[in-house]
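The sequence and structure come before the description.

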Amino acid sequence: MNANDLQTPITYLKGVGPNRAQLLQSELGIGTYEDLLYLFPNRYIDKTQYYKINQLQRSSADVQIVGKIIHIKTVEQKKGKRLVATFIDDTGEMELVWFRGQKWIRENLKLNMPYVIFGRCNWYNGKFSMPHPELELLTEHDKGLKVAMQPVYPSTEKLGNSGITNRVISKLLQQLFLESNGKFMETLSDTLIHELKLFSKSDALFNIHFPKDQTSLAKAQFRLKFEELFFIQLQLLTKKMLRKQKIKGYNFDQVGELFNDFYKNHLPFTLTNAQKKVIKEIRADLGSNAQMNRLLQGDVGSGKTIVALMTMLLAIDNGFQACLMAPTEILANQHFNGIRELLGAIGVNIALLTGSVKKSARTIIHEQLESGELHILIGTHALLEDKVQYKNLGLAIVDEQHRFGVAQRSKLWHKNEIPPHILVMTATPIPRTLAMSLYGDLDISVIDELPPGRKAIKTVHRYDSNRLKVFRFIRDEIKKGRQIYVVYPLIQESEALDYKDLMDGYESIVREFPLPDYQISIVHGKMKPADKDYEMERFVKGETHIMVATTVIEVGVNVPNASVMIIESAERFGLSQLHQLRGRVGRGADQSYCILMTSHKLSAEAKTRLETMVRTNDGFEIAEVDLRLRGPGDLMGTQQSGILNLKIADIVKDNDILKTARWYALKILKEDPSMESPENLVIRHTYAQMIKHSRIWNYIS
Ligand code: ADP
Ligand code: MG
């Protein structure tokens, strides 16, 4: 069947009436033959075995039995009714039970006819019973395609209740294969198929739905996973290539006076090797005539700011302006103050633009930007406003990128005639393999080394019952002149409750650490921004000893004198959030601590999170554990990239296939960029079709 025929509406398939078509569409998004063909099973069940009723075990898994129904009755129960059928074979008797879809089932069940039933058995009231079994008349069963591994398709309650069972889906697929003679257009080149010993497309599709045995299933899965990942990589790499060819970039060919002066005379410390390496990578981009689009990953405290600053100096040296955008006012302020201090007297004009900058000051900033008098603009998303126009913006840096949406970032692209160079900085470590897929069209730099002399943060886990000891510890640290964070979870769903926890906690801390000896700040999401900033400022300036807060302080805040981070109800935070929070301390010369407070009730997963935090400070290691615990779905940024739309491959488990796919995609694009050779035509054609029918996800621009 060729690709166009696969676009046939599913109603044309024998066995699909308007009703079914509508349900398939609304429940599974199946509108065409192709959609059905690409509805891959979630799992497979070995159906080579048959059981007798007297062989059933109380803890049995899914079983398949041949027998017949001799009686059906409806039983009233407290809530609603259930339908119970008595099912027998030559060794005994059991019950089949339905709670849903009773009418349909009652009308369709046939008494005293041999059935094959399949499902999980329960031991209930001294009998075995099977709720909602799959069942099929033995005569039908024998007619069906013989498969050893029974596929289990995604389903919904509504589908089940309407009689579109797993078996029905399988039947529809049989019909589809019948109509198409099981022949589907090849989508990969002969070379790939040959070199990787892949199943043909037709064989792969057949065996994914009707596997002959384990080996064929594995081969089918490999082929389809490879194909899926291959075309995604091809798309990402093509995009990257096009950007490099077509999107001209401003050429920063000189390393000029400012950069050199700063490097020689004003650098407050020696750069780490990782920082040097990253600056080199950036410089290569900036001199390549193409637009830079680079993601800079570096754990909290790894020193991304100085890299940003030196990149901005390169821009200015080449006659361009630069901007730096941060997600919050606090952070923008901090960047502004920090960078102004670093720059000292080297003659760079820099301004801060946030929501709270007064109109009069704003007007001046706008004017100076347009005249070119201002070299560097730092701020929040106020920078994105249309009124903010530059004379010649050459570089835009975005800090903590996951806080910004794709649309916001793309606005930066349009702040000059040809798009400025873009550097995106993130402290959320993303395991390399995932980054490759998530940001496959960006270049990636990593700062994988902390500045020397940092003392590793000591992390401990304490139960609530040890609170008095923890208070004593806080008192000692404050005596030494340190400051303390106490963080409470605030999670949308239970906001009222969380808020109460926070206020209770605050009160108990105020009781324990009373005025006038102790000053305490509090910051939470319900406060007005101005009040928040005021409280934050007091803590930053060292006027308060303890900062009680919700996770609003999570991102980027830098108070080097704060050396203790206490996280309340730590079991309720995700790993990456715990790590981000911990990164608020350990920024000064003193030994820092992170104390994870929890109750005694902990889930296994929560225990793993806490143990991981206690064991390591390495953000990448933590990210790997996080990925294993949660899957990629919850990681920052994955939602927007649509990485979850993968049909068969798993971005974590199929890491090796991903690497292979990327390697081949790269090779093909290098040898034959427009895929014009006869050999690659099939790939080019598939790729075009996929884009046309948006079968590959759309990526960050
Ligand atoms: P982040 O990557 O979290 O943004 P920062 O840029 O804020 O980290 O740097 C954290 C701290 O480390 C700052 O106080 C900065 O001055 C300091 N720092 C950065 N690089 C070095 C270095 N090479 N040597 C010593 N200190 C450094
Ligand atoms: Mg930072």
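By class, 4 nonpolar, 7 polar and 4 charged residues make up the shell around ligand 1. In this grouping Ala, Val, Leu, Ile, Met, Phe, Trp, Tyr, Cys and Pro are nonpolar, Asp, Glu, Lys and Arg are charged, and the others, Gly among them, are polar. The model is predicted: local features need pLDDT of at least 70 and side-chain atom pairs count only at pLDDT 80 or more, while totals for chains, interfaces and linings use all residues. Residues are numbered from 1 along each chain as its sequence is written, chains are lettered from A and ligands numbered from 1 in the order in which they are written, and side-chain values use heavy atoms, with hydrogens and water left out.

**Ligand 1**

Ligand 1 is surrounded by 15 residues, the closest being T270, G301, K304, T305 and R454; a residue is near a molecule if one of its heavy atoms lies within 4 Å of it. Backbone and side-chain atoms both approach the ligand: a nitrogen atom of ligand 1 is 2.8 Å from a polar backbone atom of T270, and a nitrogen atom of ligand 1 is 2.9 Å from an N or O atom in the side chain of Q275. An oxygen atom of ligand 1 is 2.6 Å from a polar backbone atom of G301. The protein buries 79% of the 560 Å² that ligand 1 exposes when taken alone; such areas come from the Shrake-Rupley method with a 1.4 Å probe.

**Salt bridges**

The whole structure holds 23 salt bridges, each a side-chain nitrogen of Lys or Arg within 4 Å of a carboxyl oxygen of Asp or Glu.

| Pair | N to O distance |
|---|---|
| K52 and D90 | 3.4 Å |
| E136 and R167 | 3.5 Å |
| K500 and D504 | 2.9 Å |

K52 lies in the loop between β1 (43-46) and β2 (62-76) and D90 in the loop between β3 (81-89) and β4 (92-98), so this pair ties together parts 38 residues apart in sequence. Helices (H or I, at least four residues) and strands (E, at least two) are DSSP runs, numbered from the N terminus. K52 is partly exposed at 35% relative accessible area, whereas D90 is exposed at 64%; buried means under 20%, exposed over 50%, and partly exposed in between (1.4 Å probe, protein chains only).

K500 and D504 both belong to helix α18 (residues 495-512), 4 residues apart, about one turn of the helix.

Key. A polar contact is a pair of N or O atoms within 3.5 Å; within protein, one must be able to donate a hydrogen and the other to accept it, and residues adjacent in sequence count only if both atoms are side-chain atoms.
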